[in-house]
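Here is a briefing on one protein model. Look over the sequence and the coordinates, then read the notes by topic.

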Amino acid sequence: MPVNLPLQRCIPLLACLPLLAACEAQLDVDLTDGPIDGAESVVLHLTGIQLLREDGNRVTLDLDREVDLLQYRNGSTLRLVEGEEVPAARYVGAHLVFAEDGSYVGRSDGSQVPVVPPETQEFADLDLDVGDDDEASLLLDLELRFSLDDQLSTYGNYALAPVLRALDPEDAGEVSGKVANALVEDADCRQGRSLLRGVSVYAYEGTGVTPVDYARSRVSGTQPVSATAVYDDGDGGYRYRFAFLPEGDYTLALTCNADNEQPAVVNDLDFQQRRNVTVDAGETRSIAFTAE
């Protein structure tokens, strides 16, 4: 009868609902960063996360948060998204979405210098398979040292060109270790600056790599994939920590001049020592920089 047609049409749709639900998964997204010198805070106004599927489709997770990234370093993370429903798929890229205003660098004199967000972005490489009903995790590591261009003298601001690493945290391992006091406190390292300023460890994919600074204009050499600041361990010594490196072989290199890093150009930083290390997922390796 005609009055039953709407119900008849609904029956196939109702039957499909369990299938549609089965194609969803839950995703947590955490954010961490690598610190920079000369800033008290780096506040970025985030409006979303965009994920790229293998089939070319994009999934956008909406946000509206102002985040001080300097609060989330040396293994500390901020949960941006928890239990967000996303389509089951293989995801091959990710990037953050920034508001047009509201981002700034807070300096020691109390001033706030605007940060200009990028007009366009490339997706950070990602290899994340999310199956039906999975509870998946994604870590976004924004390398601030490689991402902020100092334009104070010309435009009175910083330009943000995000260098982002995206990975499943279960696929990452940790490398940390001591840095000898004699290295950090030596006059050749301090160069008349405050203690620890510019002292950092850079990480490169592969062993035996000749270390160089990060430069978007670089045409030769192996770019660093991450950098972390050496810090006072509170027990009379100094340490560094890479909390989330994908498994593989790496070269670590110590420099006292990371505060001279200008990612838009080649800087030819000096590096004092190198170490080779193999990172295994879920494992922690200890590699020290000693006074030689």
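Setting aside residues up to four places away in sequence, S217 touches A264, V265 and V266; contact means heavy atoms within 4.5 Å. This is a predicted model, where local features need pLDDT of at least 70, side-chain atom pairs count only at pLDDT 80 or more, and totals for chains, interfaces and linings use all residues. Residues are numbered from 1 along each chain as its sequence is written, and side-chain values use heavy atoms, with hydrogens and water left out.

**S217 in context**

- S217 sits in the loop between β14 and β15 (226-229). Helices (H or I, at least four residues) and strands (E, at least two) are DSSP runs, numbered from the N terminus.
- S217 is partly exposed because its relative accessible area is 41%. Buried means under 20% relative accessible area, exposed means over 50%, and partly exposed lies in between (1.4 Å probe, protein chains only).
- S217 and I287 are 70 residues apart along the chain, and 31 Å separates their C-alpha atoms.

**Overall build**

- The protein's secondary structure comes to four helices and 20 strands.
- Along the principal axes, the C-alpha atoms fill a box of roughly 95 × 45 × 40 Å.
- Of the 292 residues, 47% are buried.
- Take the contacts between residues at least 6 apart in sequence: 74% of them join residues at least 24 apart.
- The accessible surface is about 14700 Å², and carbon and sulfur atoms account for 45% of that surface. Accessible areas come from the Shrake-Rupley method with a 1.4 Å probe; for residues, only the protein chains shown count as cover.

**Charge**

- The protein carries 21 positive and 52 negative side chains. Lys and Arg count as positive, Asp and Glu as negative; His and the chain ends are not counted.
- The centres of the two sets lie 4 Å apart. Each charge is placed at NZ of Lys, CZ of Arg, CG of Asp or CD of Glu.
- E170, D171, E247, D280 and E283 form a negative surface patch. Patches are made of residues with over 30% relative accessible area and no salt bridge; like charges are joined within 9 Å, and nonpolar side chains (Val, Leu, Ile, Met, Phe, Trp, Tyr) within 5 Å.
- E283 counts as partly exposed because its relative accessibility is 46%.

**Salt bridges**

- Side chains of opposite charge can pair when their charged atoms come close.
- The whole structure holds 15 salt bridges. A salt bridge is a side-chain nitrogen of Lys or Arg within 4 Å of a carboxyl oxygen of Asp or Glu.
- R90 pairs with E54 in a salt bridge, the closest N and O atoms being 2.9 Å apart. R90 lies in strand β5 (residues 89-98) and E54 in the loop between β2 and β3 (58-68), so this pair ties together parts 36 residues apart in sequence.
- E54 is exposed at 54% relative accessible area, while R90 is partly exposed at 28%.
- D127 and R90 also meet in a salt bridge, at 3.1 Å from N to O. D127 is in strand β8 and R90 in strand β5, so the pair joins parts 37 residues apart in sequence.
- D129 and R90 form a salt bridge at 3.9 Å, N to O. D129 is in strand β8 and R90 in strand β5, so parts 39 residues apart in sequence are tied together.
- D129 counts as exposed, with 53% relative accessibility.
- A network of salt bridges links D28, D30, R79 and E82.

**A buried loop residue**

- I36 is in the loop between β1 (24-34) and β2 (41-53). Why does I36 count as buried? Its relative accessibility is 17%.
- Leaving aside neighbours within four places in sequence, I36 is in contact with V42, L70, L144, R145 and L148.

**Positive phi outside glycine**

- D133 is not a glycine, yet its phi is positive at about 65°. D133 is in the loop between β8 (124-130) and β9 (135-143), and it is exposed at 60% relative accessible area.
- Q191, also a residue other than glycine, has a positive phi near 50°. Q191 is in the loop between α4 (187-190) and β14 (200-205), and it is partly exposed at 44%.
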